[in-house]
Amino acid sequence: MAEIKPETSHDQRLLVTTEETASARSLAGNRRLASLDIFRGLTVALMILVDDAGGDWPAIAHAPWEGCNLADFVMPFFLFIVGVSIALALKRISNKFEACKKVVFRTGKLLFWGLLLQGGFSHAPDKLTYGVDVTMMRFCGILQRIALSYLIVSLVEVFTKDSHEENLSTGRFSIFKSYYWHWILGATVLVIYLATLYGTYVPDWEFVVYDKDSILFGKIQSVSCGLRGKLSPPCNAVGYVDRLVLGINHMYHHPAWRRSKACTDDSPYEGPLRQDAPSWCHAPFEPEGVLSSISAILSTIIGVHFGHIILHLKGHLARLKHFISTGLALLTLGLTLHFTHLMPLNKQLYSFSYICVTSGAAALVFSALYSLVDILGWTKMFLPLKWIGMNAMLVYVMGAEGILAAFFNGWYYRDPRNTLINWIREHVFIRVWHSRRVGVLMYVIFAEILFWGLVTGVFHRFNIYWKL
């Protein structure tokens, strides 16, 4: 620990004098890293916000194609948090077999819930039915992507743990050298992604329109491509790989590109497709597909790196310097790639610039929460987010995926639209604010996010936890 000199500022004294006790407790497992729980809770809350209010506030919904809105930060934040958790959790398990068993079990759990909730079986919360035609079942989704990244990065962490130095040297780049296998994996992933993205020839393709509201329902549509290295919606290699590997019927049938100006006059809102819209506007596209999920592994590797920083750098000030400098470097690189048009920000393709910008943002948000919570001790002001983060899987399944709302919607008065939830949203929020947009936003914040904060607070009181 650094020596405290008389001229040291108050902030510096706070950082230095608390570093040993806080570091020892957090890393020994006697005390959870509160900032990570709060970050996880914040990300779940953001997911609920953009999912349920994004239709009325398109500026926070997913960007139709290029660009990066608030919703586009949710997935990378989850993967970053998973990476940090991998480093902290697997450090405590010395037996490789036990560690692998835990990793495989958790991966299976994520896959199960992903297929059940996003594969098409669950129609919650609006439709009071369930079931899916397996020939149209969606294979990919949020939890499936998290499962893939978690499995691969965790196995690398487990099987290379013995090669890590317990006490790193004082060199600036020593932590990178100690965990070189992770960066070899990251470089391999990036090379595979870029080579496939820019080197794959994308031929012309066809699809059948399954949208029953479309005048083209049941008709075959063709898309002309015949080129390589294109990043446009219809002719990119990401979609081509998914059509080959997954099959076009097993992809997402309501992609965000339907809100683009080429597809609808209501852009950026979702609306009916234009009669002269290009054929690809009617086509499915998988935003959590095969190639983009391979690229997404990089977000988790960056998160693991931040977990390693927590484990090996003992001082809060040293950690924050590394956190912030790495975050700013990633942001700078990503924005440079975007604004020089070398590689645009694109969540649907999970482009390298998008990885850099979102991971850099995750690093800075985590740095701020780490400073406020784990250093300054301002935990109470974030308690609802902390409780949500400690029960993230519960809130994701019951809240974000609408299972609890579907249960309440099953009790209606004469008409399925006359439900308690719809009545509360309409009469308690929208009519009070005399604005649908503001009313919906207030409903999501207070009747959904704050509600789940209180519910998980009760769960926390009885030591019940169901994490993502």
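## Disulfides

Cys225 and Cys235 form a disulfide, with sulfur atoms 2.1 Å apart; the term covers cysteine sulfur pairs within 2.5 Å. The link is left-handed, at -85 degrees about the S-S bond. Cys225 sits in the loop between strands E3 (220-223) and E4 (227-228), and Cys235 in the loop between E4 and helix H9 (237-245). Helices (H or I, at least four residues) and strands (E, at least two) are DSSP runs, numbered from the N terminus. Both cysteines are buried.

Cys263 joins Cys281 in a disulfide, S to S 2.0 Å. This link is also left-handed, at -80 degrees. The two cysteines are 18 residues apart, in the loop between H9 and H10.

## Basis of the model

This is a predicted model: local features need pLDDT of at least 70, side-chain atom pairs count only at pLDDT 80 or more, and totals for chains, interfaces and linings use all residues. Numbering runs from 1 along each chain as its sequence is written, and side-chain values use heavy atoms, without hydrogens and water.

Cys356 is buried because its relative accessibility is 2%. Cys68 is partly exposed, at 23%. Buried means under 20% relative accessible area, exposed over 50%, partly exposed in between (1.4 Å probe, protein chains only).

## His308 and Trp411

His308 lies in helix H10 (residues 290-312). At 2% relative accessibility, His308 is buried. Trp411 is in the loop between helices H15 (403-409) and H16 (420-433). Trp411 is exposed, at 62% relative accessibility.
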